[in-house]
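Please keep the sequence and the 3D view open as you read.

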Amino acid sequence: MRLAPLGLLALCFLGCRSYELSESDARLLTDHVRRISDLRPDLDADERAMLEDWMAHFLQAAAYWHGKSVPHALDGCRTIEDYIVALKRVSGLDWRRMVTRTLLTFDYQASRKAKIDQGRRTIIETSPGFRFGALAQSKAHVHFDKIAAVAEQAWETATQVLGVRPEDLKRAPGIVVREATGGYALTEGRLPLFLAPSRSVFPEGARPTDEEGLTSAGIRVGALGKPDGGVNLELQCTIVYLNSYSLLAVAHEIVHAVTFLAFTRWEEVQAGDVSSEIEVNRRFGEALPVIMQDAFVIEGLAEAVSWRTPKLRKALLLDAVREEIKGRARAGGIPPLAGLRRDPYSPWTAMFFDYLIDTFGGEGIRRLLASRKPDLESAMRDAFGRELSNLEEGWRASLMN
């Protein structure tokens, strides 16, 4: 699939600030999208379409913020890594923040449209493992097959990398989803994912904030007592679907869902009186392993695992981003782990958990997530038999290879 020429595109998403591309600059951006696509001959047709879709948005947003310097800053790029470095240089941002800025830029446009679009009909589609919901005006509902394929890969990747066993998931209670009309509906074992056209239409209580780092997704989870005894799990993953890069947020939230389902101590949640929702949720909070309440661990793992989703690793250039990070490491730019513990969404944090996954496998990650130790240092020692400082040394050495 090839992109139509961008033409004279006025990028005025945020009101007063705008940059109108000249026809020649628009052609240059389109040419760069095609060049980047041609640099990945290993992509199949679906992956190539995904790459060209999000890269067109990515370069448009860069031109909006940085003007005509963007098309010309990319001249001379010969490799994917060249493009990554050039975009970082012209924007002054790391890759994660460039992606976030792109999503926010287009989310503003989508939010304005959502406010004037009165049609809020929800389309529901299901696959064997998932229940997808999308508003009729969202582009997501025409991409359900592609989204479902990535969701299935993300689930398989998460269960393998996290060391999940079939019996872990069988212990989890039934999943229910909150309906717009009120009340709850059983999902028959399917994981619910709502694909929002913008953050302005996130369900109440699930809308993320800019400070969260991952500004395009959220998860709502809680335990509910059933009238006839027992417990249901309210679980709702919500993702802004703006372009193909949004599929990474789909995978990220699926990793979170697998983690909650597999490693919560459900027998403790369901023990005793379930007539009080407050009491059930108190027990639910206590049944979550302490380490799963550490953002450094839970978000760092979700980033690392979602980056391993096969279709996304190539189509979203995640493998190239990893190589660029390793290049910075070899130049002496590895941040200390103490600082990364306050920056769970950093690609460096994901790289640290990549090292743990590659070194200790799924069984090691399983021991970490199931640990009952009260803090990160003791949980790491319990799971891997090494001090955190030793793990950091091993990680730093691995980046130099």
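## Confidence and conventions

This is a predicted model, in which local features need pLDDT of at least 70 and side-chain atom pairs count only at pLDDT 80 or more, while totals for chains, interfaces and linings use all residues. Residues are numbered from 1 along each chain as its sequence is written, and side-chain values use heavy atoms, with hydrogens and water left out.

The protein chain has a mean pLDDT of 82, with 86% of its residues at 70 or more; pLDDT is the predictor's confidence in each residue, from 0 to 100. Residues 1-17 have pLDDT below 50, and this stretch has 48 contacts in the model beyond near neighbours in sequence (a contact means heavy atoms within 4.5 Å). Residues 205-215 also stay under 50, with 26 contacts beyond four places in sequence. Where pLDDT is low, the predicted coordinates should not be read in detail.

## The second largest cavity

The model has four cavities of 30 Å³ or more. A cavity is a set of points, on a 1 Å grid over the protein atoms alone, where a 1.4 Å probe fits but cannot get out; lining residues have an atom within 4 Å of a point.

Helices α2 (45-66), α4 (80-91) and α5 (95-116) each give two or more residues to its lining; helices here are DSSP runs of H or I with at least four residues, numbered from the N terminus. The largest share, five residues, comes from α2. Among the lining residues are F58, W65, L87, M98 and R101. By class, the lining has eight nonpolar, three polar and one charged residues.

## Helix α4

The 12 residues of α4 should span 16 Å at 1.5 Å a residue, and the end C-alpha atoms are 17 Å apart, which agrees; the expected span is 1.5 Å times one less than the number of residues. Buried residues of α4 include I80, Y83, L87 and S91, where buried means under 20% relative accessible area with a 1.4 Å probe, protein chains only. G92 follows α4 and has a positive phi, near 70 degrees.

H57 is found in α2 and is buried, at 14% relative accessible area. Its contacts beyond four places in sequence are T102, F106, K139, L242 and N243.

T259 lies in α8 (residues 246-263) and counts as buried at 4% relative accessibility. Beyond four places in sequence, T259 touches L162, T264, M292, I298 and L369.

Terms used. Buried < 20%, exposed > 50% of the residue type's maximum accessible area, 1.4 Å probe, protein only. 1 Å grid on protein atoms, 1.4 Å probe; cavity = no way out; pocket = protein on both sides within 12 Å on 5 of 7 lines; lining within 4 Å. Points joined across faces, edges and corners; volume = space filled by probe spheres on them. Nonpolar A, V, L, I, M, F, W, Y, C, P; charged D, E, K, R; others polar.
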